[in-house]
Amino acid sequence: YDNLLKPDLELALDDYLRKNQTRLQSDPALSHFYKRLENSPAKREKSDGSGGGVAASSAATEEIKKPKRRQTIKAREDLEPPSEPAAQLPLTTTSPASPRTPYASTPFSLARQLALPASPSVLADRIEESTTTLSTSFSNLYTTSPIPTTLSSLRAKLSTVTSIQLLILSLEAFGLFRQIIPLKYLTTIPAIPALGLSDPTALKLPDLFALLTSAFWLPFGLWFTTSVLLPVTGAWFMNLRSTRDEEGGYDPVAFGVVKGLVAWIIYVRDGLEGESKGVVEGSVPGGSVGLMMGAGVSVLGGVYDAILRK
């Protein structure tokens, strides 16, 4: 009976009880079932013979027409009185502790509950689709952010001859300030291994009181005059662009030419003597050669810009 389903098991149990009525009807657990069976219309017709007339025939016909499954279900209900446990039945039935679904505890039950793809190709398509969606989201986020506009604006501002000349002057000023503004000891930072500081480090800050001394203003004044003031003045007076397209401002080519001539006269040919000249020449990246190279880059940038304007 282990391989039978519930309806088939009920039919087999009903058939077994009917065939063994003589042996099992004395069992108190089955007395209620056999009592109901004795009072059924089919049993009365069998005991009375053919003397039931039309009424007995009609009752027998109705009993035959009733589905057999309904009879077995009703008989099954009769077999389970509330006061008697099902363990007293002579037949071996399936225990509630061992259900008929053994696959519920197998590892494959989890796979049945998950919506897995039909094939590896479908899985690969889903991964590719997810990757494409993610990259599209990042692309849309970057496009809608102000980053592209800011980068384009910064690029447009740096792509000029004036920006190149300002960058060169910034490098020269940075080297000069490191020399003429000394660093003053402030405190000592203890060793912090988490930050990569294995030894105590001295913290030093620029000494701004040097701005009040001549040691700062003499070198700075010399550099500002030779690298900024004289070149801008010469480029403004000798502005070839103003005669060509009536543009104001200064001429970048003339700026580089004047700066190169001044640097060659003062720093290369020693046109000026003094300690300040040595400070500027020793602090600017490349010295006198660096000053001449900066002037040459300015001239090349101005010429290239003029060619592109034509």
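This is a predicted model: local features need pLDDT of at least 70, side-chain atom pairs count only at pLDDT 80 or more; totals for chains, interfaces and linings use all residues.

**Labels and their grounds**

User: How do you know that the span of α9 agrees with its number of residues?

Analyst: Helix α9 covers residues 147-158. The rule is 1.5 Å times one less than the number of residues. For 12 residues that should give 16 Å, and the end C-alpha atoms are 16 Å apart, so the two agree.

User: Why is the set around Leu176 and Trp223 called a nonpolar core?

Analyst: A nonpolar core needs buried residues of listed nonpolar types, joined through side-chain atoms within 4.5 Å. The largest such set has 21 residues. Leu176, Ile180, Phe220, Trp223, Tyr267 and Val280 touch the most other members.

User: Which helices each supply at least two residues of this core?

Analyst: These are α10 (161-180), α11 (214-237) and α13 (252-268). The most comes from α13, with 7 residues.

User: What is Trp223 in contact with, leaving aside neighbours within four places in sequence?

Analyst: Its partners are Leu169, Glu172, Ala173, Leu176, Val228, Tyr267, Val280 and Val284. Contact here means heavy atoms within 4.5 Å.

User: How much of the chain counts as buried?

Analyst: Of its 310 residues, 24%. The chain has 15 helices and 2 strands.

Note on methods
Residues are numbered from 1 along each chain as its sequence is written. Side-chain values use heavy atoms; hydrogens and water are left out. Buried means under 20% relative accessible area, exposed over 50%, partly exposed in between (1.4 Å probe, protein chains only). Helices (H or I, at least four residues) and strands (E, at least two) are DSSP runs, numbered from the N terminus.
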